[in-house]
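Biologist: Before we discuss any labels, could you bring up the model, so that each term can be set against its cut-offs?

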Amino acid sequence: MGKKQAGTGPLSRRPDNSAFKQQRLPAWSPSLTPQTVLPTFYILSLVCLLLGIWLLITVEYTYELKVDYTDAGTCEQCFNLRKHAIDSSTPCKCTVSFHVPKTFPRVSFQHDVVRLSARCLPQGDVFFYYGLRNFHQNLRRYMDSRDDAQMVGRKNNLKAPSSYCAPFDYDANGKPIAPCGAVANSMFNDSLTVMYNPTDGSKIQVPLYRKGIAWYTDKNVKFRNPPTNNTFSLQQAFEGTTRPLYWQRPVYELDDIDSNNNGFINDDLIVWMREAAFPNFKKLYGVLNRAQGPFTEGLPAGNYTLSINYNFPVEPFRGRKELVISMVTWFGGQNYFLPIAYLVTSGLILVTAVVLTTVFVKVGKKGKNMEE
Amino acid sequence: MGSLLSACGINVKKKKVEEERHLRANDREFNLSFKYANNAIKTSKYNVFTFLPLNLFEQFQRLANAYFVFLLILQLIPQISSLSWFTTVVPLLLVLSITLAKDLSDDITRHKNDNHVNNRKVEVLINGDEKWMNVQVGDIVKLENNEFVTADLLLLSSSEPLNLIYIETAELDGLVSKPVNVNMNLSICYYCVRCEPPNNRLDKFTGTLTMRGETFALDNERILLRGCTLRNTEWCFGLVVFGGPDTKLMQNSGKSVFKRTSIDHLMNVLVMFIFGFLAFMCTILSIGNAIWEYQEGNSFITFLPRADGANASLSAFLTFWSYVIILNTVVPISLYVSVEILRLGNSYFIDWDRKMYHVKSDTPAQARTTTLNEELGQIKYIFSDKTGTLTQNIMTFNRCSINGKSYGKRKSRKIDFSWNSLADSKFCFHDHKLVEAVKSGSPEVRAFFRLLALCHTVMAEEKTEGLFYQAQSPDEGALVTAARNFGFVFRSRTPETISLVEMGVPTTYELLAVLDFNNVRKRMSVIVRSPEGKLTLFCKGADTIIYERLHPSSSKLMEVTTEHLNEYAGEGLRTLALAYKDLDEDEFEKWKERHHEASTSLEDREAKLDTIYEEIEKDLLLLGASAVEDKLQDGVPQTIEQLAKADIKIWVLTGDKQETAENIGYSCNMLREEMKEIFIVAANTAEEVREELLELLRTACMCQAVICCRVTPLQKAQVVELVKKHKKAVTLAIGDGANDVSMIKTAHIGVGISGQEGMQAVLSSDFSFAQFRYLQRLLLVHGRWSYLRMCKFLRYFFYKNFTFTFVHFWYGFFCGFSAQTVYDEWFITLYNLVYTALPVIGLSIFDQDVNDRWSFQYPQLYAPGQLNQYFSKMAFARILLHSCYSSLVLFFIPWAAMCDTVRDDGKDIADYQSFALLAQTCLLIAVSVQMGLDTYYWTAVNQFFLWGSLSVYFAVTFTMYSNGMYLIFTSSFPFIGTARNSLNQPNVWLTIFLTTILCILPVVAKRFLFIQLKPTINDKVRQAKAVPPPLPRKFPRRRISTRRSGYAFSHARGYGDLVTSGRFLRIPVKSRPALFPHTDTPVP
């Protein structure tokens, strides 16, 4: 039963003589011979070394400045004020002074090597980040607590936030919250102003672009406002919803300067909503506007004052807040890890290669072990 | 009717459990009252409506699927659910639907077969043509030549003389005769039959038949079982006794022993361990969560309030289950499906192998069990049957010693037997002196051949093409054929006569008695009256037995003959001594009376008969001796030598006598002259074998070769069991006959030779092929590859899953042990199912470390399998460590590289989604490169699978992270834009490159070091880039220098009773059902 009787004849059951069935498919059988392994190790070591050096130089010229303002300067007061009441409506302003030792980001091309990669070096943009430490945006329940469908501007979802947002889905009066969820609710709400203090004693506000700091896809696809038109304002579109508990302003009034930057497509909101993978993170706050001097070349060296509308409490979770001023290269921000890792790897590979070569020369080459 | 009822002794009371079956021929009404099953069979398991529920029910009983469901339930609890439902549902659906599809196609095939079989037509005596399924118990059916046997039939009569019928079991080329002798008047069809209820014993049947008030006993000999085909018999009539599901065939099916491989067992242990390990990891993480919640979480409540009543310990408890969901990939559920797939693939390669296809018999090798392949690469002990397995079971008459003269030395050309018109053209003999002696009329020579022509139980069949013999054992056939060619042609027999053509003159001998062969007597005699009226007893048998019964006058001849016998035995021939005795008429008459008395006695008949036989078989005169060559199968010595080189111990278990077995041992290279100490286990009972073996087990297992002689089928199985139990080694049993079935079923792997002794061995075997020599290819090539592939598969599979899972573990320390996944949920869903499924299957179906010719050249390559080197607990521990290392690299390098950096335009890249994408890409590339490193044999398919899977990964990722997918399924694909925004960043690719290097290079270095410092035979062969070795050299046939006595005889009782008895219902008891393989065929 079940036997195939394909055709008749004396050899009817003879299996096909195909390379596949006879397991004779043409194949490439590489093996780990000294001729392949040893050169590979040396070459990889060299590649890693070169990459490491290149990256190191790149990173060396990527300046970054961190200003921890959690309780620095006059902020200690605010820090203590924000200790308990999260939604305290008392405004608190403070300032922190800091010094920029070198002009951002002008590079003095002293080395030929650097000049070679000069084209890849920054054009003079300076980026301002706010950094948070020990803030777990990556907790599972925290990350789940958002409603993408609401934030993509669906009318139905706007007033019926997902249950994932609980307990930040409806307020005490049963009004739907927009944007709902813990992520939006805990949005970073300090506002930072940097003042340049040239030696002449004047104070010049460092102009920042506060838009264009989010991913293009986020700004244009992932986050959308509910439909509006000339007669139907954003505020009307959000009618029937309420602002998140910890927010001072409703979502349609987040940016009081640029009305196009309001609602779900507010850049700060979008940046915040892109949750960080790790508890210590920095998020883009603004980009230096180099339209006018003295910032055409970047951020000049000198003294600066950072004034903060101190709203975001970090004391409860023992966190820190900081301003990070950084420039970027093709390699991104200042990140010493990869160059050093490449250099270490290169060294390790070289050591391994030498060991392998020694073993091969001392033992393998004689073929003693290879005798049958 | 009433009288008939009482005559049949029928108890009309209905019983739930059938205790006895009553039926009456051709009386449907009566038979239907018992509600016996009719002849329709149903092997299918489902119908249209029951298929889905039943099949699903069965599937969910499996642990793996049940585990999936458990996970699914966990996922439906919102507080626990750390992954979306689809991560579990998609793989579960896939696994279920693959199994569903397979079961469906199997069942459709079964339905088709059932329909086909059920709709066959057969002629029923009362109704004419009838479909098989409508045949009822009690019907008398007429079978014609070449028809399949409809049901289990009680044979009534046949067209052939002596009421013989010939049957062929399906798929068996050789004809097997089943003799029945019945003379029955069919016009009286009122038989009543009482018999045993349906059972699965093929060799037993008890019942009675009542006809015209007379009651006869029925036994197994009269039963023709479903599953055979009628051959060379014009017609026969049979009474349906068991139909459909009650037939012995059906009763026997589906009760096969489920064998599992040692890797299966290891896998079960490992899976248990992994469960423990999973619990361990989850415990650690949930403790971590408790601590975190206590220290940090409390202060984070502001941003993330807890549910009512939740505290750190509840959170830890929930986290435990959340992590069970996340880390579930560490328990490789898709493992079982993949393992089945690749075993199936490797089984197909066995089926397809032309080098294991036997041209002569048109038999390809067949992997009947598709779940044992890798065990073929781990065999430590082979238990082999001798007859039909090592030897061809074809006997040729080679030498003889007649009256002190030895004939048959191979020195001249073949004798031309054309002077004898009845000669068999296939017979060859090389000594012309013997022909001359026959022609010259030497009385001893003539008596010698007359004896050979008379003293046997062979049946002759005259066909248009010539004379054919149906011999019960091939030795007999060889001897009768020899006599035929030398002018003493056995033409036909009736119960009372034997007709010969003696040197062209037809002569008829009156057959007075057949003193049949049995294992104790080891001889057979006939008493005949020649046409001249002379009474003679002809006897042939084992030399020692015959010598005991010789007349003193033969002692001189005996010495010479013994010398010849030793010579023949030394050549590995099977010998018989031949003797005769002229009988006195009076003496015979007296003896005959006593014989009749004994043969009709009801108690202890056998013993009484033996005594009677003993009385007359004495004072014999020696004629000489015959020597028959038991031809070895092709390539047996080479195969055994190869297997011995592969360190496989070969035990031959045979029913033969020690000397014969020993001879075969020498002639097939198992025993060599230099092996001085030979322990021979010869015992008569199982207990003795066991005792001796227990004592000798340690010795025996050190031996290269062990031969057990005189073992019964049961003992064969016991020996195998013993080795299995005490040596913990993987055993393989190979045999061809029904007497090997128990051994084949007991051993880890049973191999059946589809040969001469019928199909029973094949049917109960796991692998079958036509020739013993294919065993070396099965083990050294297919077995080795299967083992290698399976181990590579398991190692890689565990590696990739552990690595995948451990990354989650490390991430736990950064996300407050909140059971956040590192990867995108879709990646988790598709990782095992799509991205890594095909490459690993490609690897484990195509991989070859060395090709088949090298495997033959260096049988030592087989050793790793025997030593469990490629996959063991040790290997598993190494995988665990390796995965641990890889996952550390794969988590911490991306972490360090990304945690404080930004894109080249200053925007975010350290966000969760970008990191997830980076981590999963690193992982996939690292495990793919690892796969490349493990692949020894890169076929186009492997390349395609590997590159294809990577491309599919990127294609799928870009698709899932696209605008369209997000706008349509907003909540399912929140990763919009991630691929576009991070995969164009150089630092992302530099990270991927670094992780890959760090994952792979240590492995390369380690392997390289091992190859240099401690190369295995495998490495050596792989490094040797020489051309493939020449084909195996020819082994010269070894001459055996020492003389050993060797005698052989067919070890079954002949047809003695049958050929002499003319009476109804006196059927011989057979000791060797194997010769009648009608019992062992499937429904064709």
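Modeller: Chain B exposes about 41600 Å², of which carbon and sulfur atoms supply 58%; such areas come from the Shrake-Rupley method with a 1.4 Å probe, and for residues only the protein chains shown count as cover. This is a predicted model, in which local features need pLDDT of at least 70, side-chain atom pairs count only at pLDDT 80 or more, and totals for chains, interfaces and linings use all residues. Residues are numbered from 1 along each chain as its sequence is written, chains are lettered from A and ligands numbered from 1 in the order in which they are written, and side-chain values use heavy atoms, with hydrogens and water left out.

Biologist: Why does Leu49(A) count as partly exposed?

Modeller: Buried means under 20% relative accessible area and exposed means over 50%, with partly exposed in between (1.4 Å probe, protein chains only); Leu49(A) has 33% relative accessibility, and therefore counts as partly exposed. By that scale, buried residues make up 62% of the 1084 residues in chain B.

Biologist: What makes strand S5 and strand S13 of chain B a pair?

Modeller: Two strands pair if DSSP finds at least two bridges between them, and S5 (residues 152-158) and S13 (residues 235-242) of chain B share 6 bridges in the antiparallel sense. Among the partners, Asp152(B) is bridged to Phe242(B) in S13(B).

Biologist: In what order do the 6 strands of the open sheet in chain B lie?

Modeller: The order is S3-S2-S4-S13-S5-S11 in chain B, with antiparallel pairing; strand S3 (128-131) and strand S11 (223-224) of chain B are the edge strands, since each pairs on one side only. Strands here are DSSP runs (E, at least two residues), as helices are (H or I, at least four), numbered from the N terminus.
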